[in-house]
Amino acid sequence: MHLQDDINKMNYNQLRTAVSELNDQYVKLKRTLDDALDNIDESNLATTFRKKLNGYDTKFSVTA
């Protein structure tokens, strides 16, 4: 990632390249996230969830 000082010193072509790189990273991240969300189903989710907080233990279970 570019620092603010670096950005202020860039010319038009350098800024264009930086924006292009950031756009490419965004598109890749968006594809990865969309794929992950599309592939969520019951087979890859936990059926129980346990959380400890301030000495208390809570457990949630998914049942039919």
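1. A salt bridge here is a side-chain nitrogen of Lys or Arg within 4 Å of a carboxyl oxygen of Asp or Glu. The structure holds two of them. The model is predicted, so local features need pLDDT of at least 70 and side-chain atom pairs count only at pLDDT 80 or more, while totals for chains, interfaces and linings use all residues. Residues are numbered from 1 along each chain as its sequence is written, and side-chain values use heavy atoms, with hydrogens and water left out.

2. Lys-30 and Asp-34 form a salt bridge through their side chains, at 3.1 Å from N to O. Both residues belong to helix α2 (residues 12–38), and because they are four residues apart there, about one helical turn separates them. Helices (H or I, at least four residues) and strands (E, at least two) are DSSP runs, numbered from the N terminus. Lys-30 is partly exposed at 40% relative accessibility, and Asp-34 is partly exposed at 32%. Buried means under 20% relative accessible area, exposed over 50%, and partly exposed in between (1.4 Å probe, protein chains only).

3. The side chains of Asp-57 and Arg-50 also meet in a salt bridge, with an N to O distance of 3.5 Å. Asp-57 counts as partly exposed, with 44% relative accessibility, whereas Arg-50 is exposed, with a relative accessible area of 55%.

4. Strands β1 and β2 run antiparallel and are joined by six bridges. Two strands pair if DSSP finds at least two bridges between them. Asp-57 in β2 is the bridge partner of Lys-52.

5. Which residue of the β1 and β2 hairpin takes a positive phi? Asn-54 does, with phi near 50°, in a hairpin that has two residues between the strands. Asn-54 sits in the loop between β1 (48–53) and β2 (56–61). The positive value occurs in a residue other than glycine. Asn-54 is exposed, at 69% relative accessibility.

6. Leu-33, Leu-37, Ile-40 and Leu-45 make a nonpolar surface patch of about 390 Å². Patches are made of residues with over 30% relative accessible area and no salt bridge; like charges are joined within 9 Å, and nonpolar side chains (Val, Leu, Ile, Met, Phe, Trp, Tyr) within 5 Å. Accessible areas come from the Shrake-Rupley method with a 1.4 Å probe, and for residues only the protein chains shown count as cover. Leu-45 is in the loop between α2 and β1 and is partly exposed, at 49% relative accessibility.
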